[in-house]
Amino acid sequence: MKNISTTIAIALMGITGLTSAQSKKTSITAKRPNIIIILADDMGYSDIGCFGSDTQTPNIDAMAKGGLRMTQFYNASRCCPTRASLLTGLYQHQVGVGDMMNTRAEAAYQGYLNQNCVTIAEALKLGGYNTLMAGKWHVGQAPEHWPVKRGFDHYFGLIDGASSYFTPTMPYRPKQKLTIALDDKEFTPGPNWYSTDEYGKYAVKFIEQNQKTTKPFFLYMAFTSPHWPVQALPQDIAKYKGKYMKGWDKLREERLARQKALGILPQNTQLSPRDKSIPEWNSLTPEEKERFDTKMAVYAAMVDRMDQNIGKIRARLKQLHQDKNTIIMFLSDNGASSESIKGPGFTPEVLAANNKPASDPTSFTAYETWGANVSNTPFKLYKHWEYEGGTATPFIAYYPGKIKAGVLNSKPAHITDLMATCLDYAGVAYPKTYHGNTITPTEGISLKPLFTGHKWNSIPLFFEHEGNRAVRVGDWKLVSQKNENKWELYNIATDRAEQNDLSAQNPDKVKQLEALYNQWATRAGVISFEKLGRPLGGGE
């Protein structure tokens with residue numbers, strides 16, 4: 001681990017994270033790679049085959065086999081914050097999305113991207129790239145904040161955070177308006193719609209259209225799968241029905257065993273205890289077991305269908321002879337979600353649909369804590385929290401002939417690193433100004449040296465969402481959850497599932513990391529969640 005004084009100094013310097021090559025202007029006519037970032041939505045750490053699942057994900061697994069997997073890659077623990085941070089290379093508070101899309105008076109929590117940041121699309125467009133996006137936006141609801149206003153040449157997808165996969169503009173909250181957009185216009189979905197397929201189709205279409213130009217492209221493919229509501233196509237559900245009747249304890253044990261066999265986790269990794277809110281499997285009624293099995297089968301089918309569409313994108317790249325000149329990165333926006341479809345925040349129609357079997361396309365349900373605890377094997381807790389269960393994501397980088405096949409890397413890295421990585425591969429400089437506005441220096445560092453087998457060192461990583469906090473430096477992680485407001489200290493190298501709190505034995509380490517966190521929080525504009533003003537409007 002680095003000396004703590006060194007890491008504090010580094011953190012306070014406002015690292016730009018760009019290589020020397022990026023300081024030189026690169027000819028836009030040079031052969032440069034296409035860049036694709038694929039983002040899954042609410043997918044847990046163990047939900048794809050190459051990270052321990054028995055769900056069929058042959059296309060994702062093929063990229064893992066032919067590329068690099070990072071086993072300690074981090075997101076920002078929830079949809080909006082992760083998307084804001086990934087797109088800009090900054091922490092979410094620095095760009096105005098400190099919480100969700102709820103509009104607040106505080107600048108760090110205004111609910112949409114501010115003018116002191118650039119998106120990857122805006123930066124790459126300056127360097128001669130065509131910029132494409134399909135799927136979920138969720139970092140600005142008003143039309144003036146849509147993707148085409150933030151650097152994307154073409155966009156097709158859901159502006160909001162969630163929707164039915166079959167009727168995507170059907171409101172699920174009172175007084176809600178959901179929008180599917182094509183570029184800068186609202187789009188009316190037709191019959192036989194299934195969101196994952198439609199977003200995948202447009203991604204392929206955008207790639208095909210790019211062939212008419214001489215420019216490389218950047219594609220941000222942001223699937224909504226497998227975010228609730230859990231809804232899938234019958235032929236996909238049929239592959240998995242009945243596979244989950246062995247119960248959650250056995251499922252978690254099997255996933256951990258596969259993770260160890262794959263080298264994703266050390267052999268001494270301990271499985272976190274079953275969530276205390278989850279009962280013994282054998283105490284359930286046959287009906288309750290059947291309901292769980294169905295929800296898990298539908299959830300697996302959603303991941304399966306996403307993988308099928310990734311396969312279609314890769315197949316079209318190969319047909320167009322672009323596969324060997326395209327780097328693809330895959331990850332999830334947060335850990336698995338324990339959220340449920342309950343309470344006054346949902347319409348009566350949706351609450352009634354929550355009682356239907358998840359296999360019914362007119363249902364509107366979630367797999368809740370029971371399913372999320374399996375998805376996040378071996379970790380505790382979920383989306384929202386800053387434990388590994390909220391922030392750890394599978395990460396795959398695939399670039400044939402450029403990234404060595406079959407590599408596993410356990411160095412901690414973060415979504416803020418993706419801006420610098422994309423610009424490094426493109427040979428594009430990070431702008432100091434954009435449209436007359438001063439741009440905040442990027443927080444991340446390029447992963448290209450790591451991807452290509454060169455020396456690469458992690459920097460301190462920071463986390464905050466609605467009062468949940470954490471900082472990761474080397475092997476040490478300091479973490480606190482809002483309700484308890486107490487720091488816990490873990491050595492992630494020996495305790496990835498965060499089971500052995502070492503704070504009492506290491507008070508000086510706690511103080512050092514807390515000081516580092518507080519310095520970052522002040523610099524990033526974090527405000528205590530209890531002191532935030534009430535939302536003025538906007539969406540979640």
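Strand S17, residues 476–480, pairs with S18 in the antiparallel sense over four bridges. The model is predicted.

- Within the pairing of S17 and S18, Leu478 has Leu489 in S18 as its bridge partner.
- The sheet is open and has four strands, in the order S15-S16-S17-S18, with antiparallel pairing.
- Strand S15 (461–465) and strand S18 (488–491) are the edge strands; each has a single partner strand, so one side of each lacks a neighbour in the sheet.
- On average, neighbouring strands of this sheet are turned by 15° against each other, direction ignored.
- In general, the strands of a sheet pair through backbone hydrogen bonds, in either a parallel or an antiparallel arrangement.

**Helix H2 against helix H8**

- Helix H2 (residues 58–66) and helix H8 (residues 286–319) cross at roughly 60°, and their axes come within 7 Å.
- H2 and H8 are therefore oblique to each other.
- On the H2 side, the contact is made by Pro58, Asn59, Ile60, Ala62 and Met63.
- H8 contributes Asp307, Gln308, Ile310, Gly311 and Arg314 to the contact.
- Sorted by class, the contact of H2 with H8 has five nonpolar, three polar and two charged residues.

**Helix H7 against helix H10**

- Helix H7 (residues 248–262) packs with helix H10 (residues 368–375) at an angle of about 20°, the axes being 9 Å apart.
- Angles under 35 degrees count as roughly parallel, which makes H7 roughly parallel to H10.
- The crossing in which H7 passes H10 is right-handed.
- Trp248, Leu251, Arg252 and Arg255 of H7 meet Trp370, Asn373, Val374 and Ser375 of H10 in this contact.
- By class, the contact of H7 with H10 has four nonpolar, two polar and two charged residues.

**Helix H12**

- Helix H12 (residues 417–426) is mostly covered, with 10 of its 10 residues buried.
- The buried residues of H12 include the charged-class names Asp417 and Asp424, and also among them are Leu418, Met419, Cys422 and Tyr425.
- Gly427 follows H12 and has a positive phi, near 70°.

**Thr326**

- Thr326 lies in strand S9, which spans residues 326–332.
- Thr326 has a relative accessibility of 1% and therefore counts as buried, the cut-off being under 20%.
- Beyond its neighbours within four places in sequence, Thr326 is in contact with Asn34, Ile36, Leu317, Tyr398, Tyr399 and Pro400.
- Pro174 is 152 residues from Thr326 in sequence and 43 Å from Thr326 in space, C-alpha to C-alpha.

**Glu280**

- Glu280 lies in the loop between H7 and H8.
- The relative accessible area of Glu280 is 48%, so Glu280 is partly exposed.
- Apart from neighbours within four places in sequence, Glu280 is in contact with Trp248, Asp249 and Arg274.
- Trp248 is also one of the H7 residues in the contact with H10.
- Glu280 and Asp249 are 31 residues apart in sequence, with 8.5 Å between their C-alpha atoms in space.

Note on methods:
Residues are numbered from 1 along each chain as its sequence is written. This is a predicted model: local features need pLDDT of at least 70, side-chain atom pairs count only at pLDDT 80 or more; totals for chains, interfaces and linings use all residues. Side-chain values use heavy atoms; hydrogens and water are left out. Two strands pair if DSSP finds at least two bridges between them. Helices (H or I, at least four residues) and strands (E, at least two) are DSSP runs, numbered from the N terminus. Axes are lines fitted to C-alpha atoms, for helices over the stretch in contact, and angles run from 0 to 180 degrees between N-to-C directions. Angles under 35 degrees count as roughly parallel, over 145 as roughly antiparallel, 65 to 115 as roughly perpendicular and the rest as oblique. Contact means heavy atoms within 4.5 Å. A crossing is left-handed if the near helix is turned anticlockwise from the far one by less than a right angle, and right-handed if clockwise. Buried means under 20% relative accessible area, exposed over 50%, partly exposed in between (1.4 Å probe, protein chains only).
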